[in-house]
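The following exercises ask the reader to work through the architecture of a model step by step. Each task is followed by a solution.

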Amino acid sequence: MNPRRGVIVLVLAAAAFGGAIALQMARDRSYPRDDRQKEQILYVRSGAALKRMTLAFNALAADVYWIRAIQHYGGDRLSGPQAAAKYQLLYPLLDLTTTLDPYFNIAYRFGAIFLSEGYPGGPGRPDQSVALLRKAIVAMPHKWQYYHDIGFVYYWRLRDYQTAALWFQRAAIQPNAPNWLNPLAASMLVRGQDRTAARFLWQQIAKSEEPWLRRTAERALLQLQALDQVEQLEAVIKRFPPAAGESYSWTGLVGRHVLVRVPFDPVGTPYEIDPATGRVSVSEQSPLFPMPEEPRRLP
Amino acid sequence: MRAISTVAINVFRESVRDRVPYNLVLFSVLLIASSYLLGQLTAGQDVKIVKDLGLAAISVFGLFIAIFIGIGLVSKEVERRSIYALLSKPVSRSQFIAGKYLGLVLTLAVNITVMVVALYIVLGYLSWQETAEYKAVWDAPGPDPAMLKAVFLIFVELMLVTALALFFSTFSTPMLSAVLTFGLYVAGHFNSDLKNFDKVVNSQAAIWLSRGMYHVLPDLSAFDVKTEVVHGLPVTMGYLASTAAYGLAYVAALLLVATFIFSRRDFK
């Protein structure tokens, strides 16, 4: 093939390739396809079997399942309430990830936070969180963070303060454990729990080096701040009720100079007030919604 | 010694002329580079994934080179009948086997070096562009020198696989050699299960048999420390040395048996 003919062939090849791309784009415009995955499938659920199948490439397979777990979580979180079964594969995916790579620290901690979180942030399965963290302890028995995370799940999600205190005590005796764990366990045993302890625990989590863990903790701290503000607002509303026959409203409270303006939550969304009862709540439009169910105070 | 080095250099030259190793190296370099993109999909675990993918690529492509070139080392010479010309030269059959083996090991060493350099460049880039706060989450530094421990054991493992392929190549067809070598590679990674067979059966004969197989089959799972180095866990020099010594002893045994079989072959 002489050089001139070679150039012609290359130009024709480029033109054909360009034509193929143009046709593809035109087809996608005319006949849009539903590329959404219809059903999420997990073919292999046995970590032990998968570990054998992947021979010397367990860690790489763990990465693949980790990416699937992240995508599954993100996909379900963004898909809105229409998804039939929310986060149903999150635990099996994280379980497979950590069986293939037992030192995958972030997979355990991700599971600890999000498996226990209720809808829409997670499947609301603290039992699965604890199971995953117990697995972490078997692999790395001296990491105080896992004992702490189990204590946190018992405290924040299961409201079992005795067991939570026990796990905080276990965390305290691990190497390099921070010195605030024992006092925390003691206070939990003595007076149950209140918002102060929740704030303290989330502040510790907010110091994590993991950006997504920090963001989760920062959101939780803002929610706690909002709960404080709601309490203060309700106290004010109780002290200055509307005149007989009038309903509760922000405009009424501002008009009577009880408040200087309509109150906003810590992220700048106005609070909502129930016209009949005067109860204050965080708006469904707020990024802080839904608010956490708080641990109750012990009598 | 001169005869061995001449054969070895010729094997290396032949493998360089053969475009397969080039393609594999190019592919692995692309794979390592694309792992950077893959890392963007995950929550802050990009460096771990790049390391896992890089080390796995080095292992897989090294395995392909070891098996697919190793199985043809002897059988190709026999099929092409160039063995007659070779053996008429002042080269003994043992020198021929040793030279063939060392030539392929040299090819593997060069390929692995290229792949490791590519991996360190990608990791160096990732490390350079991240903040100190972000890097604090990593179990181990980006371009971690400790990864060379895993690479070293991958190399010794590939030396063993090459010896297996060469061993089968001395008496079998390339196809059968490939199947047998790959079969032993898989079995070698399950080998540690045989050691613990006594925990699942009561039969003393079965226990002895499994113990025997544990010692006879290559214990390849011992060469896998990829997970440990990626997580910054300690891999002692004693472990490295004893595992490498085991690998080299196994290689020596295979090469000696290969030489014995090859020396008894009649090419008339």
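Two residues are in contact if their C-beta atoms, placed from the backbone, lie within 7 Å. The model is predicted, so local features need pLDDT of at least 70 and side-chain atom pairs count only at pLDDT 80 or more, while totals for chains, interfaces and linings use all residues. Residues are numbered from 1 along each chain as its sequence is written, and chains are lettered from A and ligands numbered from 1 in the order in which they are written.

**Exercise 1. Describe the surroundings of Gly151(A).**

Step 1. Gly151(A) belongs to helix H7 of chain A; helices (H or I, at least four residues) and strands (E, at least two) are DSSP runs, numbered from the N terminus.

Step 2. With neighbours within four places in sequence left aside, Gly151(A) contacts Ala164(A), Trp167(A), Phe168(A) and Ala171(A). Ala171(A) lies 20 residues from Gly151(A) in sequence, and their C-alpha atoms are 8.6 Å apart.

Step 3. A residue is buried if 20 or more other C-beta atoms lie within 10 Å of its own, exposed if 12 or fewer, and partly exposed in between. Gly151(A) has 28 other C-beta atoms within 10 Å and is therefore buried.

**Exercise 2. Characterise the packing of H10(A) against H11(A).**

Step 1. Two packed helices are described by the angle between their axes and the distance between the axes. Axes are lines fitted to C-alpha atoms, for helices over the stretch in contact, and angles run from 0 to 180 degrees between N-to-C directions. Helix H10 (residues 195–206) and helix H11 (residues 211–239) of chain A have axes that come within 8 Å and cross at roughly 155°.

Step 2. This angle makes H10(A) roughly antiparallel to H11(A); angles under 35 degrees count as roughly parallel, over 145 as roughly antiparallel, 65 to 115 as roughly perpendicular and the rest as oblique.

Step 3. The crossing of H10(A) and H11(A) is left-handed; a crossing is left-handed if the near helix is turned anticlockwise from the far one by less than a right angle, and right-handed if clockwise.

**Exercise 3. Characterise the packing of H1(B) against H6(B).**

Step 1. Helix H1 (residues 2–17) and helix H6 (residues 93–129) of chain B pack at about 45°, and their axes are 7 Å apart. H1(B) is therefore oblique to H6(B).

Step 2. H1(B) passes H6(B) in a right-handed crossing.

Step 3. Among the residues that meet are Phe12(B) in H1(B) and Leu102(B) in H6(B). The contact of H1(B) with H6(B) has 12 nonpolar, 7 polar and 1 charged residues.

**Exercise 4. Summarise chain B and its contact with chain A.**

Step 1. Chain B has 13 helices and 0 strands. Its C-alpha trace spans about 70 × 55 × 30 Å along the principal axes, and 41% of its 268 residues count as buried.

Step 2. In the interface, 22 residues of chain B are in contact with 18 residues of chain A. H3(B) gives the largest share of the chain B side, 5 residues. That side of chain B has 11 nonpolar, 7 polar and 4 charged residues.

Notes:
Nonpolar A, V, L, I, M, F, W, Y, C, P; charged D, E, K, R; others polar.
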